[in-house]
Amino acid sequence: MIFSKLDAATYPFISLASRLVKELEESLGLNAILSPDSEVLRRSVERIREAVYSRATSVYKRDLEVEVLSHPVALILIKHMNNKRLVNVYAEAEKNRVLANLLKESQEKLATLAIDGFNWHVKREGDFLFVRFDDYLKTSVNMLDAYWKLVNRRLVKGYVELSRRDFSRLLAEAYRTRILEKVNQVEDVQVPSTLKSVIEELEREFQGVLPKVDVSATYVGEYVPSAFPACILKLLEEAEQGKNLSHMARFTLATFLLSIGKTPEELLDLFRKMPDFDESKTLYHLRHIAGEIGSRKKYTPPSCATLRTFGLCVANDELCQKVKHPLTYYSKKLKSLKRGELGKRAK
Ligand code: SF4
């Protein structure tokens, strides 16, 4: 299957998109692309604004080359804004746009996109697509709902069976993860001084809409359940079982996961199984405690002392005796896990 320019504009993760970006950069020059009156810059800013205000970006079909270039330029702008919340919001919005388009594709095209974009090992049979289990695990690890756990999937000779819809969701999630990795990798491109004013203007504009995350207290982008304290693991398990959690239990779980970088939209699936689930109300509450709407205050999880009062503490290891807050537990455990990994690699 041969991809078109429209495919490259719609699916920035395919190899044709990277090739076009390289060719266009060589022919136009980075300075022209980043100049204040460039159409690419205008579209990049628009793309970021779409993400912030609509939670989904669109595909600008009037000029496909502009659209192809606008994604890497948007990443450069976001990198310079240094707002982790914005990185997550942009990645989520791009995922939403890609998912909406993937859902309209044929089975053959979905398989080709996954192979070309992510080197997945894919098979097709009847109405299903099959992804090799290691490719599946790499992406599904970030998906909170137990629905995505390997034990809950049908495995055939090392390949995970997926409907077209689930395959599309997995592929869109792989794209979201790639954006998060890419922003960390974007080299420190020397931006022209005129671009600095665009960045500052956007920073000011988003200040009220997307409060900056306090990185000293939180661990954005690092979702490592093996480092979660027992209280959070228990709540996570109960939510996945669809138990009717108390208000305090829901608040604790939501604030903990939001504090480590999950977005309100990502948490929706987690609460979906609860008996009184209402999508718009839940999203409203999640966005409220994430500081996106209402008082704009970003809430943090309650302390261990408060959780003990509410009977939610299930302290079960030595580290619990040394901490006063579940996020401190997470931070310390994460560091010790990383030290352990480094130690193993050094041997
Ligand atoms: S001591 Fe704190 S971190 Fe540990 S289980 Fe209790 S509430 Fe959670």
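Predicted model: local features only at pLDDT ≥ 70, side-chain atom pairs only at ≥ 80, totals over all residues.
Local features need pLDDT of at least 70, side-chain atom pairs count only at pLDDT 80 or more, and totals for chains, interfaces and linings use all residues. Residues are numbered from 1 along each chain as its sequence is written.

**Cores**

Select Val 73, Ile 78, Tyr 90, Val 131 and Leu 171. These have the most contacts inside the largest nonpolar core, which has 55 residues. A nonpolar core is a set of buried Ala, Val, Leu, Ile, Met, Phe, Trp, Tyr and Cys residues joined through C-beta atoms within 7 Å. Buried means 20 or more other C-beta atoms within 10 Å of a residue's own, with C-beta atoms placed from the backbone.

Now show helix α5, residues 64-81. It gives the most to this core: nine residues. Helices (H or I, at least four residues) and strands (E, at least two) are DSSP runs, numbered from the N terminus.

Colour domain 1 (5-95 + 188-207) and domain 2 (101-176). Both give residues to this core, so it lies between them. The bounds come from an automatic or database domain assignment.

Next, select a second, separate core of 25 residues; Phe 228, Ala 249, Phe 271 and Leu 327 are among them.

**Sheet**

Move to the open sheet. Its four strands run in the order β1-β2-β4-β3, with antiparallel pairing. Strands pair if DSSP finds at least two bridges between them. β1 (122-125) and β3 (155-156) stand at the edges with a single partner strand each, so one side of each lacks a neighbour in the sheet.

Zoom in on β3 and β4 (residues 159-162), which pair over two bridges. Val 156 stands opposite Tyr 159 in β4.

Key:
Buried ≥ 20, exposed ≤ 12 C-beta atoms within 10 Å, placed from the backbone.
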